[in-house]
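Reader: I would like to learn how to read this structure feature by feature. Could you take me through it, general idea before particular case?

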Amino acid sequence: MRAALKPLLLSVSLPLSLLAVACSGSADKPAAEEAMVSPILTSEDAKDPASFAQPEVARVTHVALDLALDFAAKTVSGTAKLDILAKPDADTIVLDSNGLKISKITDESGAQLPFTIGDKVEGKGEPVTVTIGKARAITIAYSAAPDAEALQWLAPQQTAGGKQPYLLSQGQATLNRSWIPTQDSPGIRQSWEARITAPKPLTVVMSALRVGEPEDLGDNRRAFRFRMDKPVAPYLIAIAAGDLAYRELGPRTGVWTEPSMLDAAAAELSDTEKMVEAAEKLYGPYRWGRYEMIVLPPSFPYGGMENPTMTFLTPTFIAGDRSLTGLVAHELAHSWSGNLVTNANWSDSWLNEGITSYFENRIVEELYGTRRAQQEAALSYAEMEKALAEAGKDAPITALHLPPAEGVPDGGSSGIIYDKGATFMRTVESIVGRQKFDAWLRNWFDKHAFQPATSAMLLADMRANLVKGDEALEKKLMLEDWIYKPGLPSNVVQPPASAFADVDKAAEAYRASGTPDAKAWGAWTTAERLRFLSKVPAKLDAAKLAALDSSLGLSQSGNKEILFAWLELALNNRYDPAVPVAEKFLSSVGRTKFVKPLYAALMKQGSWGQPIAKRVYAKTRSGYHAVTQGAVDAVVGKPG
Ligand code: BES
Ligand code: ZN
């Protein structure tokens, strides 16, 4: 029985734990900092098979980076000083690397420490085993490879301004080990600081608070300093550098982007401060100080990434009408679910993404009202149904808690961990009532703040604080089924059928008449338009597609979600006039969620689509982030 697997939480007060070492042996560390050293979990279900680290022997507690950005060589190089908490008799520490070139590792006195780099394991990288002896702080001199998977070095032509190069990083899930030598596991939290130098006039931002003003180094370079004094999972360390401008949005909110993008970005993000207020009202204080965002060039491989104090965003969410800001609500919600309470390993990704998707929808409801929230929930529910249908309802990958063999979710298939995860939360909410549910969830965040968590811990917490021995309620909730079994439990709560009643009627009418109602379309919200496009017949001939496009203006849409939905439909139907539009889209956008399905649609169309996919990909691949390249390689194959 899964629930019987009680996680052993090594708390700061347990004398047997590794942390006791810190408590007794670190007179030089202030008490407040000590209290921030977060516990590790040692239960079987909390172990991270995606990392080589052995945190029960020795673990990193703080990372200090001193790095230079070299845009010509496409490298970051310098030093990483690691503070280590180790068992008294520990002689080695194991770190994660993926292609790092390590030249030297020294102790605090500057003496060299022996180290070995083990064989590369696909998808995991190489273990770096350092003989630390008595050393509890080590300095690693290294550089990242030019093709480090986390990093994307953009040529000026790939930016909005076209004049300066750009660097962006993406750490989740296991990519940061390609540019930071540390223990890259979400259960091993580390505070960190950084000094980064970059050529003028570039500005560097990171997922931490800035320290002071940039320092002019006199050789056409500047140094930027950052400090994250809270322990975070290492996948949350992020960097971007480019020709950046900043605009304040509210007392603790603001946006960074290229100067030519600033007005549009600030307008689209004008609700951000209100979102932070709404989130706090729901589930407790925002604990990271500032909430800033950076709107990146379109090659960013995701919609958004919840890097603490600095959410990374695709520019494709800018629709001009704030209709895609659910993305911002989502990344903000991760400030609680994910960044504050973090999945101990990637099998429990749903704890990050599912709870966040639920929380996102609650923020949307607060800001934009029940109707939009219900519509977005209904779209999410449909995504879940699609994922269940595609995988088959008995497939192990449709359980929320994924078997370790399923590897590390890359954000690509979101129907289960995001949408089934959110549906689970919504189901529990509707059974126990919103008031009780909200009190429980807020308490969960508070109690586990700055700590890793597992599914088993969440269930134990629900039982202790929500079920409280009520056997009838326990039976009603079907908790074990939701977390550990594939498919959909019978107590699932569906979004209200009324959410899309009008649109579904219009789709019905279109299926019968073949003529879309352009006037109705003109009055619909983005969610309604997306619903309509998901309900038109999968098979349409060229004349029908031409009519649809011309009356609804689909290929001219400035809304990238709608443009994507149209292109997918058109390519699935071998519609030639859509090819140039698709080619332009694939050449300018690198968001995996859009790019991969469009190539897949082409590849499915045999002799019509495959040559197009291969021709376009040969041209576009070098402009994509490694995450997108990996995803499309799997569909199209590597060009040439
Ligand atoms: N944390 C994810 C992105 C991610 C997931 C990166 C898994 C790597 C591995 C982020 O919060 C996210 O979910 N982004 C979505 C946003 C959407 C669901 C609103 C995206 O990028 O599309
Ligand atoms: Zn997310």
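Reader: Which residue stands opposite leucine 168?

Author: Let me start with the general idea: strands of a sheet pair through backbone hydrogen bonds, either parallel or antiparallel. In this predicted model, the residue opposite leucine 168 is alanine 240 in S15. The two strands involved are S9 (residues 166-169) and S15 (residues 239-242), which run antiparallel and are joined by two bridges.

Reader: What is the order of the strands in the sheet?

Author: Reading across, you meet S8-S9-S15-S11, an open sheet of four strands with antiparallel pairing. Strand S8 (151-154) and strand S11 (203-206) each have a single partner strand and stand at the edges, so one side of each lacks a neighbour in the sheet. From one strand to the next, the twist averages 15°.

Reader: Now the metal, please. Which residues are the protein donors of the zinc ion (ligand 2)?

Author: For a metal site, look for N, O and S atoms within 2.8 Å of the metal. Here the protein donors are His330 through NE2, His334 through NE2 and Glu353 through OE, at 1.9 to 2.1 Å from the zinc ion (ligand 2). Along the chain, these donors follow the spacing H-x3-H-x18-E. Histidine 330 sits in helix H5 (residues 326-333) and glutamate 353 in helix H6 (residues 349-368), so this pair, 23 residues apart, links distant parts of the chain.

Reader: Are histidine 330 and glutamate 353 buried or exposed?

Author: Both histidine 330 and glutamate 353 are buried.

Reader: Let us turn to the other ligand. How many residues surround ligand 1?

Author: A shell is read by listing the residues around a molecule and then asking which elements supply them. Ligand 1 is surrounded by 17 residues, the closest being Gln172, Gly303, Glu306, Glu331 and Tyr418. Strand S19 (304-305) and H5 each contribute at least two residues to this shell. With three residues, H5 provides the largest share.

Reader: Which polar side-chain atoms lie by an oxygen atom of ligand 1?

Author: Two of the zinc donors, His330 and His334, come up again. An N or O atom in the side chain of histidine 330 is 3.0 Å from an oxygen atom of ligand 1, and for a polar side-chain atom of histidine 334 the distance is 2.9 Å. Arginine 591 also places a polar side-chain atom 3.3 Å from an oxygen atom of this ligand. As for cover, ligand 1 taken alone exposes 520 Å², and the protein buries 88% of that.

Technical notes: Residues numbered from 1 in each chain as written. Chains lettered and ligands numbered in written order. Predicted model: local features only at pLDDT ≥ 70, side-chain atom pairs only at ≥ 80, totals over all residues. Heavy atoms only, no water. Pairing = 2+ DSSP bridges. Axes fitted to C-alpha atoms, helices over the stretch in contact; angles between N-to-C directions. Donors = N, O, S within 2.8 Å, 3.2 Å for Na, K, Ca; no water. Buried < 20%, exposed > 50% of the residue type's maximum accessible area, 1.4 Å probe, protein only. Near = heavy atom within 4 Å. Polar contact = N/O pair within 3.5 Å; in protein donor to acceptor, adjacent residues only side chain to side chain. Areas by Shrake-Rupley, 256 points an atom, 1.4 Å probe, with all protein chains shown as cover.
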